[in-house]
Amino acid sequence: MKNLTYIFLLIFSLFTAVSCSNFEEINTDPNKTNQVTSSMLATQVLKDTYRFWNPNPSDFTSGNLFNKHIAMLETNPNPGQYYYSYWPYGSFGAYSRLTDLQYMTQYAEGSKFESSYKGLQLFMKAWFGFSATLDMGDVPYSEAGMATEGITQPKYDKQADVFAEILSDLQKAEADFAQGTNFDGDIMYGGDVTKWRKLCNAMQLKVIQTMSKQATSEQKARFAAIVNAGNLMTGNDDNFKLVYSDNPNATYPMYNGEERRQNTGVTQLVVNALKNLNDRRLFYFAEPAQAQIDGGLTESDWDAYVGAPSSMAAEQLALNNADGDYSLLNKRYVAFMDNDPMLYFTYSEQCFIIAEAIEEGWVSGDAQQYYQNGVKAQLEYYMNLPHTADYVHGMAIDQNYIDNYFTGAAAYATSGTKEDRLHQIWTQRWLIDFFQGNGGNYPQFLRTGYPVYPLNPSTSLNPDDPTVYPKRWMYPTDEQTKNPVNYQKAIDEQYNGYDGINQVPWYLK
């Protein structure tokens, strides 16, 4: 028997999703009623998953600190800048949406959309599991979302098994989308099953590469087979992103955050990397340092841009900021309600994933071409991004600039070492996530160690060891009462009984 929540949702959908003119038609057609309900559940899950957790300028900037793209320039140190967190725990909250996804699929049974919603259900479970296991290590997966079947204390699967099951679910999801038809309720791809198929394949590449230290020969062969099959993203139109609008409930989280922007610097790591590459994204990301402008430089002068050392003590950063020493976040980030989409997976990242795999010998191909395609796509993304014309300090990215980008340090190091080339790939992949708020690159940094994130033991807030980077978050505190036996078993088997942030999960060993 369906939960009363969903009966209410069913009734509510009739009044909110359709006009009065066709209410009678839907009221007498249970198939259409079910389609509306599936659509609404899909929308709700996607919104809850991909909308930034608390869309306001303060929390959004905090959510960008771990990847060393920005630095807070205030006297009160933000833990996220110094390798800790206001709440250093992972979460299984996303798993509660698995029930919604089950109902979504049930309501679609027998319709032409059934396969599509099955694909979405599997993809979302894989997404939730991937995020959870990277955050914490061993997590429930095979028994996750089975409370309606009486499993309220799911077992923690070994991380190796979680990765394997995620890959299986992504493969099944791709097959379901292949059998499906375009569907309603999708705020990410507009229900386009061909784009979802490409994403399912690309995500498999990301999952396998993320576990590269532990990937089996079979998994590497699977990686190569997916690449060789070619059903992957082909350009920026395939980017998996959340688009903002001028709807007050769907605006860019940094909009109208000028007060916060004035205390948000672009890091030294970003500024120096972009200068080294002669990369004009610098002028899209940052404002010139006021002290440099006062000293006679112009806003289009590369030397007018000075990054903030993210590992410097907060008090000193604040003092230096008061003197205008650093480049602040570009003013465009607070000026528009429908600002930069949040990028969750891009064609560029896919290119860099494949370029790395070619360098590592997993698959044959031209790593240089993939590297260049990935960079060009990102530059084209910013070239075509709205609301930039008056905010790029006279250094707009145009096609001529893109065509001549690959010179100097930006040229692929064909005569250098493999390590040189991997550093180029990893740097460009890291830059994709600039001020995205998705936290996506940190596991890749832990895997590769590059670019080298600044760490100063005297300012690190890592409570167990200020000389190392945190590798994970602790399990949710309520697991000790909700699922105590499985929780204790997980930390005993992985971390010798200590649920700490510096413990090393399987995928990094």
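Student: Which residues are linked in a network of salt bridges?
Tutor: In this predicted model, the network joins Asp138, Lys158, Lys489 and Glu493 through salt bridges.

Student: And how many salt bridges does a search of the whole structure find?
Tutor: The search of the whole structure gives 20 salt bridges. As a general point, side chains of opposite charge can pair when their charged atoms come close.

Student: Take aspartate 279 and arginine 281, then: how do their side chains meet?
Tutor: The side chains of aspartate 279 and arginine 281 form a salt bridge, with 2.7 Å from N to O.

Student: Are those two buried or exposed?
Tutor: Aspartate 279 is buried, because its relative accessible area is 0%, and arginine 281 likewise counts as buried because its relative accessibility is 0%.

Student: What about lysine 47, which residue does it form a salt bridge with?
Tutor: Lysine 47 pairs with aspartate 48, and the closest N and O atoms of that salt bridge are 3.2 Å apart. Lysine 47 is partly exposed, with a relative accessible area of 33%, and aspartate 48 is also partly exposed, at 27%.

Student: Where do glutamate 114 and lysine 118 lie?
Tutor: Both glutamate 114 and lysine 118 belong to helix H6, which covers residues 114-136, and they are four residues apart, about one turn of the helix. Their side chains meet in a salt bridge with an N to O distance of 3.3 Å, and lysine 118 counts as partly exposed because its relative accessibility is 34%.

Student: What lines the largest cavity?
Tutor: Its lining consists of Trp426, Arg429, Asn441, Gln444, Arg447, Thr448 and Tyr450, which divide into two nonpolar, three polar and two charged residues. Helix H18 (418-432) and helix H19 (442-448) each supply at least two residues of that lining, and H19 gives the most, with three residues.

Student: And which residues line the second largest cavity?
Tutor: The second largest cavity is lined by Phe60, Tyr244, Tyr252, Tyr333, Asp340, Pro341, Met342, Phe435 and Gln436, and this lining divides into seven nonpolar residues, one polar and one charged.

Student: Where is the place of glutamine 436, and what does it touch?
Tutor: Glutamine 436 sits in the loop between H18 and H19. Leaving aside residues up to four places away in sequence, glutamine 436 touches Phe60, Asn64, Pro341, Met342 and Leu343. Glutamine 436 counts as buried because its relative accessible area is 2%.

Student: Back to tyrosine 450 for a moment: what is the peptide bond from it to proline 451?
Tutor: The peptide bond from tyrosine 450 to proline 451 is cis, with omega near -5°, and proline 451 has its place in the loop between H19 and helix H20 (479-482).

Student: What is the phi of tyrosine 83, and what is the phi of asparagine 278?
Tutor: Tyrosine 83 has a positive phi of about 65° although it is not a glycine, and asparagine 278, also not a glycine, has a positive phi of about 55°. Tyrosine 83 lies in the loop between strand E1 (70-72) and helix H5 (97-108) and is buried at 2% relative accessibility. Asparagine 278 is in the loop between helix H11 (268-277) and helix H12 (281-285) and counts as partly exposed at 42%.

Conventions. Residues numbered from 1 in each chain as written. Predicted model: local features only at pLDDT ≥ 70, side-chain atom pairs only at ≥ 80, totals over all residues. Heavy atoms only, no water. Salt bridge = Lys/Arg side-chain N within 4 Å of Asp/Glu carboxyl O. Buried < 20%, exposed > 50% of the residue type's maximum accessible area, 1.4 Å probe, protein only. 1 Å grid on protein atoms, 1.4 Å probe; cavity = no way out; pocket = protein on both sides within 12 Å on 5 of 7 lines; lining within 4 Å. Nonpolar A, V, L, I, M, F, W, Y, C, P; charged D, E, K, R; others polar. Contact = heavy atoms within 4.5 Å.
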